[in-house]
Amino acid sequence: MTKTLNSRIPEGPVAEKWTNYKAHQRLVNPKNKLKLDVIVVGTGLAGASAAASLGEMGFNVLNFCIQDSPRRAHSIAAQGGINAAKNYQNDGDSIYRLFYDTVKGGDYRARESNVYRLAEVSNDIIDQCVAQGVPFAREYGGMLANRSFGGAQVSRTFYAKGQTGQQLLLGAYSSLSLQIQAGKVKLYTRYEMEDVVIVDEHARGIIAKNLVSGELERFTANAVVIATGGYGNTYFLSTNAMGCNCTAAVQCYRKGAYFANPSYVQIHPTCIPVHGDKQSKLTLMSESLRNDGRIWVPKNLDDAKKLQSGEMKGSDIPEEARDYYLERRYPAFGNLVPRDVASRAAKERCDNGHGVNNTGLAVYLDFSESINRLGIDAILQRYGNLFDMYEEITDVNPGEVANEIDGVKYYNPMMIFPAIHYTMGGIWVDYELMTTVSGLFSIGECNFSDHGANRLGASALMQGLADGYFVLPYTIQNYLADQALWPHLDTNRAEFDEAENGVKAELDRLMNIKGKRSVDSIHKELGHIMWEHVGMGRTKEGLEEGLKQMASLREEFNTNLFIPGSKEGLNIELDKAIHLRDFILMGELVAYDALHREESCGGHFREEHQTEEGEAKRDDENFFYVGCWEYKGDDAKAPELIKEPLEYEAIKVQTRNYKN
Ligand SMILES: Cc1cc2nc3c(=O)[nH]c(=O)nc-3n(C[C@H](O)[C@H](O)[C@H](O)COP(=O)(O)OP(=O)(O)OC[C@H]3O[C@@H](n4cnc5c(N)ncnc54)[C@H](O)[C@@H]3O)c2cc1C
């Protein structure tokens, strides 16, 4: 029998669905709210905003994170900005346009109703954050300033220098702190969720490891919300923080939550290139730099060869010998094409020998034209901290004159290359953000909901805060309305025993492998397999080979892993081993999804499916659906595919065009 999914999209025209939903959803009365507990796992922008909002509404919230403070969640790293359809620039923006750009940017693989709601609440987010005191950049007259991000022809990105995530997280954290102080949120730092507990087919608790003592503890609630971020670190090298992991999400998947569109992984075009095999982290240079920076490689292969051998510098190459390939190929959007398009174009140039560093895997991002036009002060005001960051890492100052040819000053260009950055796939959720497990919700980067096959820049912060401040606090009530009748659960129940014993057995198993290889060495190997076979360009043969290699790597992990120390107390290697166990499963999921999706769309590029010009070639007839995967009881077994067909009523599905 074919399995189906109920995405619970409300009736009515797309622009009225959310209003109608809110008008008719069930509510929990104030007295009952006091009796209901909600577990929120994660304190990034999604988790912190949800926990603060639910606490403020009157629910009792248990909020968990693996760091020593919510403020150290990965969201703090976000640099460039957050989108909203305020139209302060009067440049033609609207809720519809943000909705349209997001669906188009996602290569027509997102769910229309969710994206419309996201665009609709985007403006509330800015109001909320301004009220919290988030110091968004302002124009001289006091108006909030905007800049442009990829995939849009309007300026709708609000920002706080190159530290937008940090400032937004401080805002969410202050709301959270208020609720902690009020006793409505109980915060558990340095706790890692290891399992979700299901009672009578409802999520009713979690098993979490106290990362300092090593003890396992049981927590119960009326609903569980997972806000644990993305799975980019499956690739080992990524722009994500080192602690980012997908253990909570994978454990939910093992317990029955479907995983949607895992192959939609975003490769960001502007990262500092890999510079050796001892590296464990890649650095993003914000997309905001593409507002004023121009991306180029030399036109002539001879020049490229000289750059690669170090005989020449980028600033030696005059204007007429430079190929601003994005401006050439995509005149309408130029350097501001979406990330998937810009990344593939960089790969194409490098594959053809035009790379500019010693590995041939880098292109230039150059500010000469904008500095000559606007002056260095204006540019430093916009990107000063990003220039500093680049200089600290590479010892090259992009704001420094490097050469003068025919009276034109040339500044040091940055070198950049695409790197793994964000994951559009995630736990499948319905319109209410509930997973396929009743009472288990998922928000932020952890779910799959809004970005289709490619996320536009500055839309992750928007989604995380939309989910946490404005969507979940409504939709979860529809579920919790019934829960007021449910008694508090005793954590001595058999379901909690079983879950805790399962985690304990896993910890013992890992500690007892006593092999020879460190976690990092196996993780690095996984990263190589992923980048090589499940990376920017994918083929049937490559994906099959990747799956074969990952199966052997799991065997190696299970038989030859070495974890020093003991499971009692703090043991970071043990924690990393748990994450790696789940990254291997995640890597396979990405590959299975990529293998079955015989088309190219957004961040998923199957080399067999491209146009003559090398653009992604979708197959709407056969793949116009969300690909959801069901766990089959054993990590080594292939998952089962279940499809959620997409239905568009407001937007005409067409081939993306950024050329004119
Ligand atoms: C360098 C960089 C720059 C970026 N810049 C931008 C930008 O300018 N604009 C934009 O829109 N997006 C940007 N993004 C993307 C954006 O930052 C993220 O998608 C977003 O912050 C994710 O928020 P989140 O709340 O979903 O998850 P996170 O911020 O990753 O938070 C996850 C939380 O879950 C907790 N956690 C994880 N696992 C467990 C577990 N098992 N048990 C308990 N707790 C757990 C963590 O402790 C943490 O609190 C950027 C990303 C990177 C890497």
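In this predicted model, Glu544 and Lys540 form a salt bridge, with their closest N and O atoms 3.0 Å apart; a salt bridge is a side-chain nitrogen of Lys or Arg within 4 Å of a carboxyl oxygen of Asp or Glu. Because the two residues are four apart in helix α16 (residues 540–560), about one helical turn separates them. Helices (H or I, at least four residues) and strands (E, at least two) are DSSP runs, numbered from the N terminus. Glu544 counts as partly exposed at 35% relative accessibility, and Lys540 also counts as partly exposed at 35%. Here buried means under 20% relative accessible area, exposed over 50%, and partly exposed in between (1.4 Å probe, protein chains only). Residues are numbered from 1 along each chain as its sequence is written. As the model is predicted, local features need pLDDT of at least 70 and side-chain atom pairs count only at pLDDT 80 or more, while totals for chains, interfaces and linings use all residues; side-chain values use heavy atoms, leaving out hydrogens and water.

By this rule, the count comes to 55 salt bridges. Glu630 and Lys632 supply another example, at 3.3 Å from N to O. Glu630 counts as buried at 16% relative accessibility, whereas Lys632 is partly exposed at 32%. Salt bridges that share partners also join Asp107, Arg109, Asp340, Arg344, Arg597, Glu599, Arg618, Asp620 and Arg656 into one network. Within it, the side chains of Glu599 and Arg597 meet at 2.7 Å, N to O, and both of these residues are buried.

Attention now turns to the nonpolar residues. A nonpolar core is a set of buried Ala, Val, Leu, Ile, Met, Phe, Trp, Tyr and Cys residues joined through side-chain atoms within 4.5 Å. The largest such core has 74 residues, and Ile82, Phe136, Leu168, Leu472, Ile476 and Leu480 touch the most other members. Helix α13 (residues 460–483) gives this core its largest share, eleven residues. Beyond its neighbours within four places in sequence, Ile476 is in contact with Val38, Leu54, Ala223, Val225 and Phe441, contact meaning heavy atoms within 4.5 Å. A second, separate core of 73 residues includes Phe64, Val196, Met511 and Leu561.

Finally, there is the ligand. It is surrounded by 38 residues, the closest being Gln67, Ser75, Gly80, Met193 and Glu445, where a residue is near if one of its heavy atoms lies within 4 Å. A polar side-chain atom of Gln67 lies 2.4 Å from a ligand oxygen atom. To the shell around the ligand, strand β6 gives the most, with three residues.

Technical notes
A polar contact is a pair of N or O atoms within 3.5 Å; within protein, one must be able to donate a hydrogen and the other to accept it, and residues adjacent in sequence count only if both atoms are side-chain atoms.
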